[in-house]
Amino acid sequence: MIRLLLVDDQDIFRQGLATLLSTEADIEVVAQANNGQNAIALADKLQPDVILMDIQMPICDGVVATRSIHQRCPWIKILVLTTFDDDEYIKQSLQAGAKGYLLKRKSPEEMAIAIRAVN
């Protein structure tokens, strides 16, 4: 079972994605966070296998959160979520320790495939 933490400041998107990914037999959404600061705390506490991390969020963005989580728990795999595929944030996230990125317009099935691949 892949333990997943979802991080996105858009509640409807995050909750909808959590519902859809929860239907996958091998993926368990263990928690959700609405900013990077909450993601760091939940990653420390829950030690998920994979984190889907939005890049642009208030309080603490995904790049800062990715760097912090990667430094503390380098075994946690992080995939960044973004709306744009030419975003400078993607490069910064990869340099901070993310294993890859997904566009938010991907289907839940494609996201599940990526989660499995990075795990």
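A disulfide is a pair of cysteine sulfur atoms within 2.5 Å, and by this rule the count here comes to zero disulfides. The model you have open is a predicted one, in which local features need pLDDT of at least 70 and side-chain atom pairs count only at pLDDT 80 or more, while totals for chains, interfaces and linings use all residues. Residues are numbered from 1 along each chain as its sequence is written, and side-chain values use heavy atoms, with hydrogens and water left out.

**Stop 1**

Select C60 and C73. C60 is buried, with a relative accessible area of 11%, where buried means under 20% relative accessible area, exposed means over 50%, and partly exposed lies in between (1.4 Å probe, protein chains only). C73 is likewise buried, at a relative accessible area of 3%.

**Stop 2**

Now select residues 2-7, which form strand β1; helices (H or I, at least four residues) and strands (E, at least two) are DSSP runs, numbered from the N terminus. Five of the six residues of β1 are buried, so the strand is largely enclosed by the rest of the structure. Two strands pair if DSSP finds at least two bridges between them, and β1 pairs in the parallel sense with strand β2 (residues 27-33) over six bridges.

**Stop 2: strand β4**

Move on to residues 77-82, strand β4, which is mostly covered, as five of its six residues are buried. Five bridges join strand β3 (residues 50-54) to β4, and the two run parallel, with L52 standing opposite L79 in β4. The chain crosses from β3 through helix α3 (residues 62-72) to β4 in a right-handed β-α-β crossover. β4 also pairs in the parallel sense with strand β5 (residues 100-103), over four bridges, and in β5 the bridge partner of T82 is L103. From β4 the chain crosses through helix α4 (residues 88-96) to β5, and this β-α-β crossover is right-handed.

Stay with T82, which lies in strand β4. Is T82 buried or exposed? T82 is buried, with a relative accessible area of 4%. Not counting residues up to four places away in sequence, T82 touches I55, D87, I90, Y101, L102, L103 and K104, where contact means heavy atoms within 4.5 Å.

**Stop 3: helices α3 and α4**

Finally, show α3 and α4 together. Their axes, which are lines fitted to C-alpha atoms over the stretch in contact, come within 8 Å and cross at roughly 10°; angles run from 0 to 180 degrees between N-to-C directions. The two helices are therefore roughly parallel to each other, since angles under 35 degrees count as roughly parallel, over 145 as roughly antiparallel, 65 to 115 as roughly perpendicular and the rest as oblique. The contact is made by V63, T66, R67 and H70 of α3 and by Y89, Q92, S93 and A96 of α4.

Terms used: A crossover is right-handed if, with the strands pointing away from the viewer, the path from the first strand over the helix to the second runs clockwise.
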